[in-house]
Every structure is written in C-alpha cells, then in structure tokens.
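Here is a brief report on one protein model. It goes from the sheet to the helices, then to charges, cores and rings.

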Amino acid sequence: MIKMFMGEFHHNVDDKSRLIIPSKYREELGKKFVLTRGIERCLYVYPEDKFNEIVKKLNTIPFTKKDAREFIRFFLSGATEVELDKQGRILIPNTLKNYANIKSSCTILGTGERLEIWDEESYSELYNSTFDNMSDIAETLFDTNL
C-alpha cells in the first residue's frame with residue numbers, strides 16, 4: 001500500500017503558536033519535516049524526502065523564467081524545518097501564521113504526499129464554494145474509463 005496522508009482533523013493553535021499534529025501523521029512525517037506557504041493561503045507540510053524531491057524539480061526550471069523565480073522565491077522563502085515536541089506539537093512561525101490567516105482553530109488535511117493546514121473559517125469557505133461543483137471538477141479531471 002502506498003503511504004499517503006488522508007483525513008481531516010481539527011485542532012487549535014495555542015497562545016504560543018503551537019499546533020498539535022494528529023498522531024496518525026507523526027510517524028510518516030518523522031521527527032523533523034518542512035512547513036511552507038501553500039498556494040491558496042494555507043500551509044503545506046512535507047516529510048523531508050518529499051520536500052527534497054520538490055526542490056530537485058524546482059532546480060531544473062530555468063531561473064531565466066520570471067514565473068519560475070517568483071514561484072521559487074514564494075515557496076522556498078517561507079519554508080522552515082519544524083520539529084515535533086514531546087506533546088506532538090509544532091511551532092508555527094508568525095510569518096506563516098499570518099500568511100495563512102490562522103487565528104486559533106485549524107483544519108489539518110491529508111492530501112496525498114503532504115498535509116495542508118488551514119484557518120478553519122477559510123477552509124470552510126473554500127469547501128462550501130467548491131462542494132456544489134465537485135461533480136463537474138471530477139468529470140474534467142478524470143477519464144471516464146476509471
């Protein structure tokens with residue numbers, strides 16, 4: 001079976017900007033992993049090996065392309081190595097917390113090779129706005145032979 005992150009969990013960020021990572025994900029993430037800006041005002045969490053694969057791919061994009069420079073700057077400048085404490089929490093840097101608009105309540109999603117951390121209200125809005133279109137989205141993305 002392919003290892004992947006799946007599921008949805010709800011946790012709060014405490015006054016010291018610490019967030020509990022669900023125990024279901026901790027072993028696969030390892031003791032240290034990478035937290036960075038996500039594309040839709042959320043945070044992405046990658047095991048180190050997966051993050052290194054992405055960096056390797058990014059390094060193949062010619063730096064002469066403006067879009068490449070902008071994306072790499074956006075993605076890597078926000079990246080930070082994080083470590084679980086004894087209670088299974090990570091410290092979210094203020095820059096990332098502000099970027100994702102995280103106040104207190106978070107939704108943590110397993111999305112295959114990564115986790116996404118969302119401000120709970122922001123994720124709820126996104127979910128509600130895409131829910132009714134899911135049939136059309138699926139039809140566009142998947143071949144009918146599945």
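The report below describes a predicted model.

**Sheet and helices**

Six strands make an open sheet in the order S1-S7-S8-S4-S3-S5, and their pairing is antiparallel. Strand S1 (5-12) and strand S5 (80-83) are the edge strands, each pairing on one side only. On average, neighbouring strands of this sheet are turned by 25 degrees against each other, direction ignored.

Take the S3 and S4 pair. Strand S3 covers residues 32-37 and strand S4 covers residues 43-47; they run antiparallel and are joined by five bridges. Opposite arginine 37 stands leucine 43 in S4.

Two helices lie across strands of this set. Helix H3 (residues 66-77) lies across S3 and S4, and runs at about 130 degrees to S3. Helix H5 (residues 120-131) lies across S1, strand S7 (105-112) and strand S8 (115-119). The angle of H5 to S8 is about 105 degrees.

**Salt bridges**

Side chains of opposite charge can pair when their charged atoms come close. The model has seven salt bridges.

| Salt bridge | Closest N to O distance |
|---|---|
| Arginine 18 with aspartate 14 | 2.7 Å |
| Glutamate 116 with arginine 114 | 2.9 Å |

How exposed are the partners? Arginine 18 is partly exposed at 23% relative accessible area, and aspartate 14 is partly exposed at 24%. Glutamate 53 is partly exposed at 38%, as is lysine 50 at 23%. Glutamate 53 and lysine 50 are three residues apart in helix H2 (residues 48-58), so about one helical turn separates them. In the last pair, glutamate 116 is buried at 8% relative accessibility, while arginine 114 is partly exposed at 22%. Salt bridges with shared partners also join Lys50, Glu53 and Glu113 into one network.

**Nonpolar cores**

In soluble globular proteins, nonpolar side chains tend to be buried together. The largest nonpolar core here has 22 residues. Which of them touch the most other members? They are Leu35, Leu43, Ile90 and Ile117. Helix H1 (23-29), S3, S4, helix H4 (94-99), S7 and S8 each give two or more residues to this core.

Leaving aside neighbours within four places in sequence, its contacts include Leu35, Ile92, Leu96, Tyr99, Ile102 and Ile117. Arg37 and Glu116 are also among the contacts of leucine 43. A second, separate core holds 10 residues, including Tyr46, Phe51, Leu109 and Tyr123.

**Aromatic rings**

The count of aromatic pairs is 11. One of them joins phenylalanine 9 and tyrosine 25 edge-to-face, at 5.4 Å centre to centre with 85 degrees between the planes. This pair links distant parts of the chain: phenylalanine 9 is in strand S1 and tyrosine 25 is in helix H1, 16 residues apart. Phenylalanine 9 is partly exposed at 26% relative accessible area. Tyrosine 25 is buried at 2%.

Tyrosine 123 and tyrosine 127 form a tilted pair, 6.1 Å centre to centre and 45 degrees between the planes. These two tyrosines are four residues apart in helix H5, so about one helical turn separates them. Tyrosine 123 is buried at 14% relative accessibility, whereas tyrosine 127 is partly exposed at 41%.

One aromatic cluster is made up of Tyr44, Tyr46, Phe51, Phe71, Phe74, Phe75 and Tyr99.

Definitions and conventions
Residues are numbered from 1 along each chain as its sequence is written. This is a predicted model: local features need pLDDT of at least 70, side-chain atom pairs count only at pLDDT 80 or more; totals for chains, interfaces and linings use all residues. Side-chain values use heavy atoms; hydrogens and water are left out. Two strands pair if DSSP finds at least two bridges between them. Axes are lines fitted to C-alpha atoms, for helices over the stretch in contact, and angles run from 0 to 180 degrees between N-to-C directions. Contact means heavy atoms within 4.5 Å. A salt bridge is a side-chain nitrogen of Lys or Arg within 4 Å of a carboxyl oxygen of Asp or Glu. Buried means under 20% relative accessible area, exposed over 50%, partly exposed in between (1.4 Å probe, protein chains only). A nonpolar core is a set of buried Ala, Val, Leu, Ile, Met, Phe, Trp, Tyr and Cys residues joined through side-chain atoms within 4.5 Å. Rings of Phe, Tyr and Trp (its six-membered ring) pair if their centres lie within 6.5 Å; planes under 30 degrees apart count as stacked, over 60 as edge-to-face and the rest as tilted.
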